[in-house]
Amino acid sequence: MALRIDPNNMPAARTDTPRVDANDFKQFAALRRGAEANDPETLRAAAKQFESLFTKMMLESMRSASMGDPLFGSDQGDMYQDMADDQLAVQLSQGKGLGLADMLIRQLSNGVSGAGSAAIKPPDGSDEVATPEQREKFISGLMPHAEAAARELGIDPQNLIAQAALETGWGRSQPGHSHNLFGIKSGGSWTGSSVQANTEEFVGGESHRVDAGFRAYGNSAESVQDYVRLIRDNPRYEGALNTGSDVQAFATALQRGGYATDPDYARKLVTVANEVRQRIAANSFKSGSPEPINAQGPLRMSNG
């Protein structure tokens, strides 16, 4: 007997999440625009779109292997059956779907250039937190560079220090010997040095340990300069510019721009920024007078 699906008995589709339709070419155009803008959500959307297409192909293959209905088969019936298959493919791909999309995301996320690791293991392999002395040394050492960068970006230097502290565990967990203070990944268009490091990525809200390539710099000043170019010149982070001392606005703009895959990134950044402010208020951190950030020249990045 041929496989038949009555479209009138199809379960109601959920309306609280966007539908991924294998036949909606407007969605393909939106995915292309997202890819051009390096939108981190595009990877998940593309994976779901592929799963929907794969499911439809699977249904078509199953149906072509059947003998059909010799008594009631017709071109009109086949047309309606194809429409029902389209809807079934869409619904089977909703929520967790068949698991194919998540598998694709895990496979592809290793090759996606991005920023925001925030979970690289310390160089000594331990999970010990940085001591108060290490945190205060990190703040004082980075303050001159952060102040120069802040003038370029319109962002409170304390918020920049907080992000570097979050990304590196207060300087203890930079990838390799890269001087990479902001967890910026290398990506395909990066022409400078790079290092490999094990880091934490979130896919569908779940944490995974992966190996990723990170940009390597000659010193901390180069790292800060590259960070300035990333935030200033990438339209994804436009909302983070000129946020001043509003760390909540700064952190939210970074998360919305896809700086990190951690869904709790903004809250963590705000928490670290509050500690930075407390330590600065309790100690006298004298800033030097560094040269202005030289963030001109060719942009050597894809999406950060």
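Predicted model: local features only at pLDDT ≥ 70, side-chain atom pairs only at ≥ 80, totals over all residues.

Biologist: How many bridges join β1 to β2?

Modeller: There are 10, and the two strands, with β2 covering residues 206-215, run antiparallel. Together β1 and β2 make a hairpin with two residues between them, and G204 in the turn has a positive phi of about 60 degrees.

Biologist: And what should I expect of side chains along a strand?

Modeller: In a regular strand they alternate between the two faces of the sheet.

Biologist: Now the rings. How many aromatic pairs does the structure hold?

Modeller: Six. To name a geometry, look at the angle between the ring planes: over 60 degrees counts as edge-to-face. The planes of F138 and W170 stand at 80 degrees with ring centres 6.1 Å apart, so this pair is edge-to-face. F138 sits in helix α5 (residues 132-153) and W170 in the loop between α6 (157-168) and β1 (194-203), so the pair ties together parts 32 residues apart in sequence.

Biologist: Are F138 and W170 buried or exposed?

Modeller: Both F138 and W170 are buried. Another edge-to-face pair is Y227 with Y259, at 6.4 Å centre to centre and 70 degrees between the planes. Y227 belongs to helix α7 (residues 220-233), while Y259 lies in the loop between α8 (247-256) and α9 (265-282).

Biologist: Why is Y227 called buried?

Modeller: Because its relative accessible area is 0%, and buried means under 20%. Y259 is buried too, with a relative accessible area of 0%.

Biologist: Which residues form one aromatic cluster?

Modeller: F182, Y227, Y237, Y259 and Y265.

How values were computed. Residues numbered from 1 in each chain as written. Heavy atoms only, no water. Phe/Tyr/Trp six-rings, centres within 6.5 Å; stacked < 30°, edge-to-face > 60°. Helix = DSSP H or I, 4+ residues; strand = E, 2+ residues; numbered from the N terminus. Buried < 20%, exposed > 50% of the residue type's maximum accessible area, 1.4 Å probe, protein only. Pairing = 2+ DSSP bridges.
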